[in-house]
Amino acid sequence: KAWLAKCASSEKKSLHVVYINTSLETKAVSSSIIPTITCTSSNVLQTILQASSQVGPSDLQICYGPDTYMGENLVSLLDAVIQSEWSDERIKSDLHPAHDQGTIKALRDNINVYPSGNCVVHHMFGDSVVQTVERDYDDAYVTAHLEVPGEMFQIALRKSLDDEGVVGSTSNILNFIERKVSEEAAKSADGDETKRLKFILGTEAGMVTSIVRSVQDILETNQCSNVEAEIVFPVSSDAVKVVEGEESLGLDIVPGVSGGEGCSTAGGCATCPFMKMNDIDAVLDIVEMIESENEKDELKLVQHLPPNRLHGKEINGKNAVELGIEPFRGRTEPTWFS
């Protein structure tokens with residue numbers, strides 16, 4: 001709240017770009033202090049580029065929070081564009097048609113990142129993991145989600161400049177891997193030599209399944225048996241448990257924190273407990289309860305409703321719920337400073 005108030009006191013127009021996963025309360029408080037708009041990891045870059053072009057890169061302060069890693073990584077991404085001396089033509093075609101080197105520099109200089117917030121799962125990609133990637137996987141493609149710590153992000157960012165890596169959302173990562181496998185499958189279809197592609201996956205572990213399924217489909221469609229894709233999920237030593245004796249069943253290590261079950265914030269399995277709260281069975285149960293006319297099902301359904309802590313409350317004389325949904329409206333009704 002204090003950070004937002006400081007942002008709002010700037011002489012420049014200020015816009016808070018807030019990650020969509022933040023609570024409704026956070027969005028409400030933000031909207032009561034400063035114009036706010038939501039973003040996802042897929043559209044955050046386009047969001048700040050578009051806002052900057054509409055208001056003017058020298059006239060608008062972009063305040064990004066509360067995800068510090070994502071905010072700092074966005075700044076690093078813009079720095080890479082500037083330092084690599086992208087041409088104005090490339091910036092217009094690859095980033096945004098209304099931008100060039102001058103406007104990107106102005107945007108970079110007017111981003112204010114909240115300094116004290118991060119995702120507990122992506123925080124697990126620490127120094128030991130980065131050192132392993134640099135030492136043992138120099139020949140691999142490296143991918144990194146916008147929320148991972150800066151060290152891991154920097155490796156993927158450097159690689160991305162030569163099309164040997166990608167930074168962005170989970171869909172950006174999946175699309176990159178699909179493209180690389182498809183390109184290699186097309187080149188190696190008639191060859192005899194086996195080609196093995198390695199991909200470092202710098203994001204939540206649950207994405208592995210969709211990647212493996214997609215890669216298998218590509219190779220089967222192309223009838224390609226001489227291309228292999230290795231998905232490497234980098235974790236620290238705390239992310240696995242050594243199993244000895246008859247219990248091992250042929251496996252020396254198994255997933256799971258060395259000190260017990262679950263994930264470790266010191267470098268654990270990097271499986272998001274919040275994403276795992278939803279599954280198909282739970283969704284189907286909710287649908288059945290919605291369609292049911294049974295009073296007991298209605299009472300159960302009420303228990304699944306999200307917290308309604310803002311109901312009946314006001315912030316600075318305005319309805320708190322309405323303030324909380326304003327950042328969503330800002331995506332279709334950009335009237336931040338009218």
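Let me start with Asp94, which counts as partly exposed at 46% relative accessibility, where partly exposed covers the range between buried, under 20% relative accessible area, and exposed, over 50%, computed with a 1.4 Å probe on protein chains only. Asp94 forms a salt bridge with Arg90, and their closest N and O atoms are 3.3 Å apart; by salt bridge I mean a side-chain nitrogen of Lys or Arg within 4 Å of a carboxyl oxygen of Asp or Glu. Arg90 is partly exposed as well, at 34% relative accessibility. Both residues sit in helix 5, residues 88-94, and are four residues apart, which is about one turn of the helix. Helices here are DSSP runs of H or I with at least four residues, strands are runs of E with at least two, and both are numbered from the N terminus.

Before going on, a word on provenance: this is a predicted model, in which local features need pLDDT of at least 70 and side-chain atom pairs count only at pLDDT 80 or more, while totals for chains, interfaces and linings use all residues. Residues are numbered from 1 along each chain as its sequence is written, and side-chain values use heavy atoms, with hydrogens and water left out.

For the chain as a whole, there are 13 helices and twelve strands, and buried residues make up 41% of the 338 residues. If we take contacts, meaning heavy atoms within 4.5 Å, between residues at least 6 apart in sequence, 67% of them join residues at least 24 apart. The accessible surface comes to about 18,800 Å², with 49% of that belonging to carbon and sulfur atoms; the areas come from the Shrake-Rupley method with a 1.4 Å probe, and for residues only the protein chains shown count as cover.

Back to the charged pairs, of which a search of the whole structure finds twelve that form salt bridges. In one of them, the side chains of Asp79 and Arg108 meet at 2.8 Å, N to O. Asp79 lies in helix 4, residues 68-83, and Arg108 in helix 6, residues 101-109, so this pair ties together parts that are 29 residues apart in sequence. Asp79 is partly exposed at 22%, and Arg108 is partly exposed at 24%.

In another, Arg179 and Asp163 meet at 2.7 Å, N to O. Arg179 belongs to helix 9 and Asp163 to the loop between helix 8 and strand 6, so the pair ties together parts that are 16 residues apart in sequence. These two residues are also linked with Lys180 and Glu183 in a network of salt bridges.

How does helix 4 pack against helix 6? The angle is about 150°, with the axes 10 Å apart, the axes being lines fitted to C-alpha atoms over the stretch in contact, and the angles running from 0 to 180 degrees between N-to-C directions. The two helices are therefore roughly antiparallel, a label for angles over 145 degrees, whereas those under 35 count as roughly parallel, 65 to 115 as roughly perpendicular and the rest as oblique. The contact includes Asp79 of helix 4 and Arg108 of helix 6.

Helix 4 also packs with helix 8, at an angle of about 30° and with axes 10 Å apart, and these two are therefore roughly parallel to each other. Their contact is made by Asn73, Ser76, Leu77 and Ala80 of helix 4 and Gly150, Phe153, Gln154 and Leu157 of helix 8.
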